[in-house]
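Q: I would like to learn how to read a few local features of a protein model. Please take them one at a time.

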Amino acid sequence: MIAGIMAIRTLPVQEYPDVVPPQIIVSTTYAGADAATLENTVASVLEAQINGVDNMLYMMSTTSPSGLLTMNLYFEVGTDMSQAKLDVNNRIRLAESKLPDAVKRQGVEVAERSNDTLRMLALTSENNRYDTIFMSNYAINNLLEEFKRIPGVSEAIIVGNQEYSIRVWLDPQKLSFYNITTTEVINAIKAQNEQYPMGQIGQEPIEKNVAFTYTVTSTGRLNTPEEFAQILIKSNTDGSSLKLGDVATLELGSERYFFKGLFNKQPTSMIRITLTSKANALEVSDLLDKKIEELKKEFPEGLKIDATYDPTLFVRASIHEVVVTLLEAIALVIFVVYLFLGNIRATIIPVLAIPVSIIGTFAGFYATGFSINLLTLFGLTLAIGLVVDDAIIVIENVERILRKENLSVKEATIKAMQEITAPVIAIVLVLSAVFIPAAFMGGLSGTMSRQFAITIVISVAISGLVTLTLTPALCSLLLKKEEEAPLWIIQKFNDLFDYVTHHFGKIVQKAIRFSLFNLLFFGIMIFVIVKLLGIIPSGLVPKEDKGVFFAVTTLPAAASLSRTHEVNIAVGDVALQNPSVNKVGGFSGSDFSSKAYTTEAGYSYVRLTDWGQRKEANQSVDAISKDLMQKLSSNKEARIVAVSPSAISGLGVSGGFEMYVQNRTGGNYHQLESYAKEIVARASERQELRSVRSTLSSSTPQFRIEVNHSKAKAYGIDIADIYTTIQATFGNIYVNDVNIFGRNYRVNVQAKGDFREDTKNYGDIFIKASDGNNIALSDLVTFKRVLNPNITKRFNMFPSAQILGETNAGYSSGEGIKIMEEIAAEVLPEGYSIAWGGASLQEKKLLETGNLSFVFAIVFIFLILVALYESWMIPWAIVLAVPFALLGAELSIWLRGLQNDIYFQIGLITLVGLSAKNAILMVEFALQKMEEGFNLLDATIEGAKIRFRPIIMTSFAFIAGTLPLALSSGAGANSRHIIGTTVVGGMVTLTLIGVVFVPLFFYLIMKGKEKFLLAFKSQKPKT
């Protein structure tokens, strides 16, 4: 117990153990490239080399119109990510020779991090004193590096990449007037903004001795827009010159202008902080809070920072609720124990087993490397009812002997332990064995089951040790031969229970008499169990009210950033009118699912008030999001859908399902989109589904430029100069770097906004021919309107359409997956397939392997019982009790509208052990009575009667300890409801029906064994 107390102080606290597949993110930028170009020249090249890296589950690539490529590589849980990162880096090195030069210059970044966002921070200023560029760069220079040094933080970035940049805004008309080309301007900047090494004067070796050695420096890189304005473009012999400031406007601006942020209606600079794969979110969050408080002291006046998204709030609230449930369970167990035992001294004995076993289990957590999380806390809550069971069995047996035999307390205790030691050891072994298969299962479900299983095993093992050592000692010290009369209500309860026990023997006798009818009932029950299992919807983990949802906005293809921003402003205005909405953070110009930058997409984090302030039905996250969507349905500019966060943080982009339609035929994206649209259309008609959408849009209006090579050659114009001029005018040319505030920033060349508004502006852009004359670009290029994808995705090397969606209230994610598979099978032709990602992939794996741990648990118990009883027949009387628990579990889950998920399956495994525990007590005492000379029928009935009271007592204690889980409320209640309802429902039917059938099975099996032995002896030849 002391070791457990010490362990509690050091154990990490988190929502779940490390169950999310770790990932490596590969990213690079190809400035000015469209999504298709990025896919063909960069993504496919890198994928070909990376594919097949050890332990990789799947990979997904996203290309965006901003020239950004992001590849997400997901690995098996438990993979050595340092080695995986090294392997990926080595493979990328092999692919570099095939990448475009512009990509090589930018470099390919490889980072190991979680997909989970730890915090979204919003920087705002009072009365909009500072613009977003200033706030972003204040964060870059003063905050981000501090955040990155926090242990567990993988990345801290400014959303939208608003780093400072020397922006050179060219005026094409002035360039034409001065007969200057864009290429000449770029070359001038390169030449005059460069750090050239000058060497030293007097540097050895030299023939003559010199007194001093001097280092020679040059002007080097420029630092301010004013200095850049003085760059010479052209100089004449008469002393006149043309400078950069004469043909361009220069400023210290932002590197990118494709994103706008909002926080509670104010312009904001957003900071996204992500975790490393194995970081503890709560620990890192606490360190982050301390760091923020420290840094706020140095903020300029009027600058504020706030969290628009913080998933750890839900984790803390959920763990708090589970701890409250744990305390409620302890109180209820103590009450039930007192109700049955009837006096304080007897109640103290099993109650003392609770802190010893529960607190001692934390020492086991420390030894096994576990954390304090929802699963281990659930295990401890269930263990409360289990750890008192063994002690109750001992006390009840001691009191029974004291009542019936003339023995002292010490003698009664010794005799009781002689009778009960073997069953107690058997119970501990069985309850431990039932969880062994779960502890060795792989994948996400195996990791989650392992935490729960080991928790139960450790607590039960400690409880068994306490029962065999401390409990008998306390019995001999605290119990008395003659106890005082209990309270009136306790006495009446005991009278009622004695009456029930007396009639229980008659019920068992009748059950044996009408065994054929009861076996028929048992067969019908098995049929019902199988049918119910097929009816109950499936899922991975239940949807929870996490206190936040996302409002995802999608405008028509190629819609401008300003239009998207106006929609996000409207979303924030409407959301903040609801008193249950606390904060709204808007992202304009960023796609929700891929986080790619595209002007027609955006989303908002809608943060709700605390769960304690939202107890009404219309204040749930589902009700509030539905109300917001109804109010925003009149917005004609965009499609707006509400999306819930992922059930397990970091596992998928959102809640619901994540499906990919893969094109394996080599066809184009237009064909792929047509099938994806058909799937979405059919899915949207189903009442079970909502917010079904595809992220693929292959019909984004674009222009394709075709250069007239013949005409360019006729004018003596280099083709490369044409493309450079176009990129520098309508795109963005990165020239070189500049040193400001002790950091490197980029120098970017682009035309002024007035010359980038329409295709007509190509007539304002000139390029110099070989004879010195200026030729308009419009004379050298032609335009063609085309429809192409704005964002492309590839899943496991195949072009793919991502389809996301959720299920409506009352339907599980498993039902959603099944519906989508049915629709895809109807729509997709040969050469097209579907794949699952995120939580959906893990759910599919759970459906395939989830029942194995349950089956193996029964097999393990059976084999242990075979060894214990040295019989292949007797264990069947115990194992056949399991279906009664299954019936109650399935009925209760079905009646409450809950789902078959990992918590349900963990509950079933627990019920297997509990079923065996109760049956062992009856079988053990029936065998003892047979050894004492009772015939089979009398031994069966007497054994059932003797153990009826302790079985009911321990079962009620366990039900009382688990009931708070089934009836809880607050954050994370749905998970508690499933595991609590499963176990309570199973224990009720096991206690009410199973106690009658176990003696029946024992009698029939032993009777059959007797007949078999008699038949065998009769057929044995006489010698």
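The dialogue below takes up a charged side chain, aromatic rings, charges over rings and backbone angles.

Q: What kind of model is this, and how are residues numbered?
A: This is a predicted model, in which local features need pLDDT of at least 70, side-chain atom pairs count only at pLDDT 80 or more, and totals for chains, interfaces and linings use all residues. Residues are numbered from 1 along each chain as its sequence is written, and side-chain values use heavy atoms, with hydrogens and water left out.

Q: Where is D591?
A: Helices (H or I, at least four residues) and strands (E, at least two) are DSSP runs, numbered from the N terminus. D591 sits in the loop between β17 (581-590) and β18 (597-608).

Q: Which side chain of opposite charge is nearest to D591?
A: Lys and Arg count as positive and Asp and Glu as negative, while His and the chain ends are not counted. A salt bridge needs a side-chain nitrogen of Lys or Arg within 4 Å of a carboxyl oxygen of Asp or Glu. Buried means under 20% relative accessible area, exposed over 50%, and partly exposed in between (1.4 Å probe, protein chains only). D591 is buried and has no salt bridge; the nearest side chain of opposite charge is K793, 5.6 Å away.

Q: Which residues is D591 in contact with, leaving aside neighbours within four places in sequence?
A: Contact means heavy atoms within 4.5 Å. On that basis D591 touches A596, T598, A601, Y603 and I791.

Q: How many aromatic pairs are found in the whole structure?
A: Rings of Phe, Tyr and Trp (its six-membered ring) pair if their centres lie within 6.5 Å; planes under 30 degrees apart are stacked, over 60 edge-to-face, and the rest tilted. The search finds 37 aromatic pairs. F365 and F370 form a tilted pair, because their ring centres are 6.3 Å apart and their planes stand at 35 degrees. F365 is buried at 0% relative accessible area, and F370 is buried at 9%.

Q: Which residues do ring pairs link into a cluster?
A: The cluster consists of F259, Y309, F550, F587, F592, Y603 and Y605.

Q: Which residue lies over the face of F798?
A: A charge sits over a ring if NZ of Lys or CZ of Arg is within 6 Å of the ring centre and within 35 degrees of the ring normal. R664 lies over F798, at 4.3 Å from the ring centre.

Q: What is the phi of K265?
A: Most residues other than glycine have a negative phi. K265 is not a glycine, yet has a positive phi of about 75 degrees. K265 is in the loop between β13 (260-263) and β14 (266-275), and is exposed at 53% relative accessible area.
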